Amino acid sequence: MRAYPLFLILLLVGCSPPPTTEITQRDFRVLRVIDGDTFTGWYDGEETSVRLAAFDAPAPGEEGGPEAKAALEKLILGKVVRLEFPGPRKRDHFGRLRARVSVEGKTVNPSVQPGPPGSGLSAPRRALPDAR
């Protein structure tokens, strides 16, 4: 009778799915910049929006919005960037990918935070937690 439990265990182990590797980072070509914290590019065969993680730039119609967009365009437009997904949820409640972004080995997210006056790098309204 001991062979039956051993057989059952071997059967269950053999039927379990193979371990999966979760994608935590990916290269991404930037097609257009929507505003100071959101841009688009190709992801899994379709144009997808990406939101900079833990950062909230002024909206286009707000003070500093056009400068924030211009600063992000200067950094990433037309370039291949590296997306790094900070948590298990890759998308926010709008369906945008949420990622830390780097280009040519330099992190973008802190680069668009406050800069000297006239630099086009406007202050975020608030920092967003990665868990958003």
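Visitor: What pattern does the chain follow when it is read along the sequence?

Guide: Along the sequence the chain follows the pattern α-β-β-β-α-β-β-β, where helices (H or I, at least four residues) and strands (E, at least two) are DSSP runs, numbered from the N terminus. This is a predicted model, in which local features need pLDDT of at least 70 and side-chain atom pairs count only at pLDDT 80 or more, while totals for chains, interfaces and linings use all residues. Residues are numbered from 1 along each chain as its sequence is written, and side-chain values use heavy atoms, with hydrogens and water left out.

Visitor: Why does Glu 67 count as partly exposed?

Guide: Buried means under 20% relative accessible area, exposed means over 50%, and partly exposed is what lies in between (1.4 Å probe, protein chains only). Glu 67, found in helix H2 (residues 65–76), has 40% relative accessibility and therefore counts as partly exposed.

Visitor: How do you know that Phe 28 counts as buried, and what about Phe 39?

Guide: Phe 28 has 2% relative accessibility, so this residue counts as buried; Phe 39, with a relative accessible area of 0%, is buried.

Visitor: What makes Phe 28 and Phe 39 an edge-to-face pair?

Guide: Rings of Phe, Tyr and Trp (its six-membered ring) pair if their centres lie within 6.5 Å, and planes under 30 degrees apart count as stacked, over 60 as edge-to-face and the rest as tilted. For Phe 28 and Phe 39 the values are 6.0 Å centre to centre and 75° between the planes, which makes the aromatic pair edge-to-face. Phe 28 in strand S1 and Phe 39 in strand S2 are 11 residues apart.

Visitor: Why is the pair of Phe 28 and Tyr 43 called tilted?

Guide: The ring centres of Phe 28 and Tyr 43 are 6.4 Å apart and their planes stand at 45°, so this pair is tilted. Because Phe 28 lies in strand S1 and Tyr 43 in strand S2, the pair ties together parts that are 15 residues apart in sequence.

Visitor: What makes Arg 26 lie over the face of Tyr 43?

Guide: A charge sits over a ring if NZ of Lys or CZ of Arg is within 6 Å of the ring centre and within 35 degrees of the ring normal. Arg 26 lies over the face of Tyr 43, at 4.4 Å from the ring centre, and the charged end of Lys 90 sits over the ring of Phe 85, 5.3 Å from its centre.
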